[in-house]
Amino acid sequence: MIVKKSLHSLTGKLILTIGTLMIVGSTIFWYFLFRHQERELIKNSVKYGYSFVDYVKKSTRYGMLTFQELLIQQTIEAIGSAEGVVRVRIFDSRGKIAYSSDKNDIGRVIDKNSPICTSCHSATEHPKDTPSWNISKEKDSRVLNLVQPIYNELACYTSTCHAHPKEQKVLGLVEANLSLALLDKSIKQQGIAITIYVLAFLFVISVVLCTILWNLVSTPVSLLAKGMERVAGGDLDYHLSINTKDEMGDLAAAFNAMTADLKKAKNELVEWGHTLEKKVQEKTEAIHRAQAQLIHSEKLASLGRMAAGVAHEINSPLTGIVTFGHLLQKKFAPGTQEREDIDVIIDQANRCSNIIKGLLGFARASAAEKAATNINDVLNSSLNIVRNKADFFNIKLVTDFDGTLPRVKSDPSQLQQVFLNMIMNAADAIEGKGTVTITTRTAKDNGNDFVEIEFHDTGPGISDENLEKIFEPFFTTKPVGKGTGLGLAVSHGIIQEHGGKTFVKTKLGEGTSFFIRLPVYKETI
Amino acid sequence: MSKGKILVIDDEDIVRTSCSRALAPEGFEVKMAQNGFDGLKMIEEEKFDIILTDLKMPDMDGIEVLRRIKEEWPEVEVIIITGYQTVDTAVKSIKLGAFDYIEKPFTPDALIAAVTKALEHRNKNR
């Protein structure tokens, strides 16, 4: 299993391929080198062989010329007994063995087709007169067979024995059979040595290759695979620490970048989820607020309608009370009890009348004549009205007007009513002592341009409990008889009717700011 | 000889009585009608110097009464009595020729002043 797995691994495949290639390559290389060496050795052997044959010829020359057959035979026998010499023979021109290191051979005639003869004589060709050699196998070692012709020469045919005629070209031949056992042994030893070297070389190469591949490929790949597993398992913080400057390093860097991107994307997704949730919540709240606002407006509107009806109905009887009160008043001299009583009736009727006027202001829904108005001017005229009032003697009125304020489309008298109400409220809040700051500026709301007016007082602030109710009609914190509780409700209605909005920012103990925003009038030039 | 003849048109009895009781001691001759139709009929029958008419009445409102009076008797001065004054009704009534408007609840002095002013205006234009 492990072997199979390791064979299928990248390293296994690479080693198998490279190993096979190296074995095949080195085998071919070593084979040819070996063959070449063997050939060289044989060539040298042949060269020495001929020297040997030459030596035989020269040793027997004297015997030949003086025709001392015994001497020749003895010489041949002596030479033939040397180590490495299998056999030495001399043939005459007819193929008869004249002398031999093996005495039994003498006198035997060699067939013309035997290898000794065919080396020079072939069926088709003219006999060669050059030396020849071949290698034959005898018993368990190879034998180098050398044949050299003995040519006729002056000394031969002029010799006293005149055994050979002058015309004869070849007188016989010398054959030497030399053992190649030593050579073969050496070649065999060399082959074994070379094989061992090759195997050792292959082993070393394999080990080195294995180590290199292991370090360069297997380890990083398995690390990468482990990293992939971890990332797939959701661990996006996993960081691969392969810092090599090769493809593996690049791969690891790419992997780390991918993991980081994945993590970022995942975080973004989670973030989006949260944002979405938050947005849904915000929208829900906004809808709730809008709904509450709608209910509030509807409440105010129906209250307004009711107030208008009530006001209309009550005004007529009040007229009666006031008129008859005045008529009665004239009948009693000032200072009398009756006169004082009637004065109370008239005062209280007037108070009712004021309440109704407030109610009617609140109920007033119709659009007045509107014109482009400079808010700063309206504020200034409102301030001029209050400035001389005794209530404002100890109040510091600070103004911070934006001189470049765009104009708004409005009914200035209604706005003045609103502004007066705001200033009065501020003055009431600080109980006649302190600073009221009025600021005008431009503001952006939902992409639309507004003129913003801020009435800031240094009063005690408004409690959360009261803050919810301040725009409701008849809500007042002033003592009974002092405020109708309609001022802010009426102001709110007027501002709403002008397409604007009213809101409050307050901090207990630090003061309150009432804000009015009116849409900027887009004057056509 | 009275200072002037005045007709009060109002659906509310207390308003008519109030006007009458406030103006009569000052030497005005005051007559009353409880709706626009009766009032117009009375104007047809006899001559009035000043008409005081309520703005909000059933069947025919003060604006309509004013329009008809100004069509037929443009020399008669009309003062509108209004339960609640709004700018547009005021503007509308002045445009239609009303001399003045007076808000309920009014004091006898305010009523007398308005009527006296209207009468002076009428006498001047006569």
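Mentor: Start with one pair of residues. V143(A) stands opposite S179(A) in strand β5 of chain A. Keep in mind that this is a predicted model.

Trainee: Which strand is joined to β5(A) by nine bridges, and how do the two run?

Mentor: That is strand β4 of chain A, residues 141-151. β4(A) and β5(A) run antiparallel.

Trainee: How many bridges join β1(A) to β5(A)?

Mentor: Seven bridges join them, and this pair also runs antiparallel. Strand β1 covers residues 85-92 of chain A.

Trainee: Is β5(A) mostly covered or mostly open?

Mentor: To read cover, count the neighbours: a residue is buried if 20 or more other C-beta atoms lie within 10 Å of its own. In β5(A), residues 170-179, seven of the 10 residues are buried, so the strand is mostly covered.

Trainee: Where is confidence lowest in chain A?

Mentor: In helix α1 of chain A, residues 2-8, with a mean pLDDT of 60. Strand β10, residues 448-457, is highest at 92. The mean for chain A is 83, and 93% of its residues reach 70 or more.

Trainee: Now chain B. How many helices and strands does chain B have?

Mentor: Five helices and five strands. From the N terminus on, the order is β-α-β-α-β-α-β-α-β-α. Of the 126 residues of chain B, 40% count as buried.

Trainee: Which residues are buried in helix α1 of chain B?

Mentor: Look at residues 13-23: V15(B), R16(B), S18(B), C19(B), A22(B) and L23(B) are buried.

Trainee: Why do they line one face of the helix?

Mentor: Look down the axis of α1(B). The buried residues fall within an arc of 160 degrees, so they line one face.

Methods. Residues numbered from 1 in each chain as written. Chains lettered and ligands numbered in written order. Predicted model: local features only at pLDDT ≥ 70, side-chain atom pairs only at ≥ 80, totals over all residues. Buried ≥ 20, exposed ≤ 12 C-beta atoms within 10 Å, placed from the backbone. Helix = DSSP H or I, 4+ residues; strand = E, 2+ residues; numbered from the N terminus. Arc of directions from axis to C-beta. pLDDT = per-residue confidence, 0-100. Pairing = 2+ DSSP bridges.
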